[in-house]
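Let us walk through this structure together, one part at a time. Have the sequence and the model side by side as you read.

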Amino acid sequence: MNEKSLLIEFQNLLELSKETEWVEFKEAKTNYDFNKLGTYFSALGNEANLRGKASGWLIFGVEDKNLSVVGSDFRNKPEALDSLKQEVAEFTKGITFQEIHELYIDNKRIVLFQIPPAPKGIPISWKGHYYGRNHESIAALSTDKYDKIRAQSTLSDWSAEIIPNASMDDLDPTAISKARIEFSNKHPRLKIEMDTWDDFTFLNKAKITIKNQITHAAILLLGKSEAEYLLSPAVGKISWILRDKDGIEQDYEHFGPPLILNTENAFSKVRNLKYRYIADNSLFPIEINQYDPYVIREALHNCIAHQDYQLAGRINLVETPDQLIFTNLGSFLPRSIKAAIHHDAPQEFYRNRFLAEAMVNLNMIDTIGSGIKKMFITQKNRFFPMPDYNLNSPDKVEVRISGKILDENYTRLLINHTDLDLDTVMLLDKVQKREKLSNDEAKQLRTKKLIEGRQPNLHLSAQIAEITGDKTTYIKNRAFDKEYYKNIVISFLNRYESASRKEIDDLLMDKLSDMLNEEQRRKKIDNLLYEMSKKDRSIANRGNKRKSKWTLT
């Protein structure tokens, strides 16, 4: 934008007579908080998208109330503004570029940040958080606005795009044969008719190509390995990485197209070892694989179907001695695991609808929305921990599948209570993993008499300990009555007359609940001594804070 055009644009913005959702004026005479700057890039870019504007604008050197030009010395050094682009890009996802202009009016310097609207389907985030505007104020991007931007991706499906220079020669014959077999398994009534179809007829009907034209989905699923460049700048790879117990990489391998074949090759790299555990009232161990094949395939195929290929990253399958970790780029469309399990229906929209439909036709995934639910049920039926979904990153989904039992009590409980519903099992899984439950969740388990204790130190109830035969652990986890601990302290002082804080710690630490860590136990003793000295007035500190000397009153 030349100086004349920029001046006209600036005057048009002033004529708005006030700030809007996509225009912000600031004095910023010298410095401006870097983090606030980033939140404005996110908010103004997202709002520009939602309002169909060519750009959002953040303008320094203009008083925001009366829009008078006051000038700004913000980064008023050669190349200082150019370096800012790189600094902002490091923490911003979704912005493809920023243009920063300088304009002089009556010798007063104006800095204009021209912010591109969020790309279709990709909200702009700053340091992992999405921002929008509530009139003239910065606010978290609302769920409605987020969904509206995300839904734009359905209008432009990357997986359905035609690759102009691609042909049938870029597809792998073995992969096409495999696709025919899986298609006939999925649609057995079409098997006889399918035998009369040539390759393009089959690919069109399987919704892998469009009118004899090769799509991104076709190269991804059926393309020759050397044809992967046709997906560029997208990356069509799965990386298997083996790490030891210390997280040190031991081995790796990358798998590109055709993914209909290479997902099996990636799957075969996983060392699915035998795992043994002894069930109740049995002298013989139960022996099963660490991982159920369905769970691995479902997690891997979900990564392929829901990867945001426009973010140009790989799908990762990381294997450690005790778990598998799957990661793919792109936000989790159902927004929560609870929604994915309870919705039990196809998604309203898919990131790669064309690819997802092709994978359904090739018997790789199921669109009825039950795949994730089935993974949880499979783990429940194997008496193993539930899958862990980490959705903290706005542009990545991480799934962890445990290959070992974490808490034998949890396992025994599932063995003895196969009638427990999935929601209850998922809550008990959170208890065994020491994850905090909401008050409502804890109430559900208390009502069923499955847990005892206070947040966040919950444990299985006495009734369950009786059933699972783990009464010892129950006693160790259960906290005793406060009077019990008070009596121990008083008995000690009766005999020895005084005690230091270290002596009281030594006296009580191993008697407190095993559910408490060391810091929590010390806090518990703090509270106990406070109550005995200030409320009961049964003991007193004759020393000081640094060197206490507790005696009976």
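Axes here are lines fitted to C-alpha atoms, for helices over the stretch in contact, and angles run from 0 to 180 degrees between N-to-C directions. Helices (H or I, at least four residues) and strands (E, at least two) are DSSP runs, numbered from the N terminus. The model is predicted, with local features needing pLDDT of at least 70 and side-chain atom pairs pLDDT 80 or more, while totals for chains, interfaces and linings use all residues. Residues are numbered from 1 along each chain as its sequence is written, and side-chain values use heavy atoms, leaving out hydrogens and water.

Start with helices α13 (residues 371-381) and α15 (residues 422-432), whose axes come within 11 Å and cross at roughly 70 degrees. Angles of 65 to 115 degrees count as roughly perpendicular (under 35 is roughly parallel, over 145 roughly antiparallel, the rest oblique), and α13 and α15 are therefore roughly perpendicular to each other. Contact means heavy atoms within 4.5 Å. On α13, the contact is made by Lys373, Phe376, Ile377 and Lys380, and on α15 by Leu422, Val425 and Met426.

Now turn to the sheet. Two strands pair if DSSP finds at least two bridges between them. Four strands form an open, antiparallel sheet in the order β3-β6-β7-β8. Its edge strands, β3 (92-93) and β8 (137-140), each pair on one side only. Strand β7 (residues 129-134) pairs with β8 in the antiparallel sense over four bridges, and Tyr131 has Ala140 in β8 as its bridge partner.

Finally, helix α2 (residues 34-50) lies across β6 (125-126), β7 and β8, at about 70 degrees to β7.
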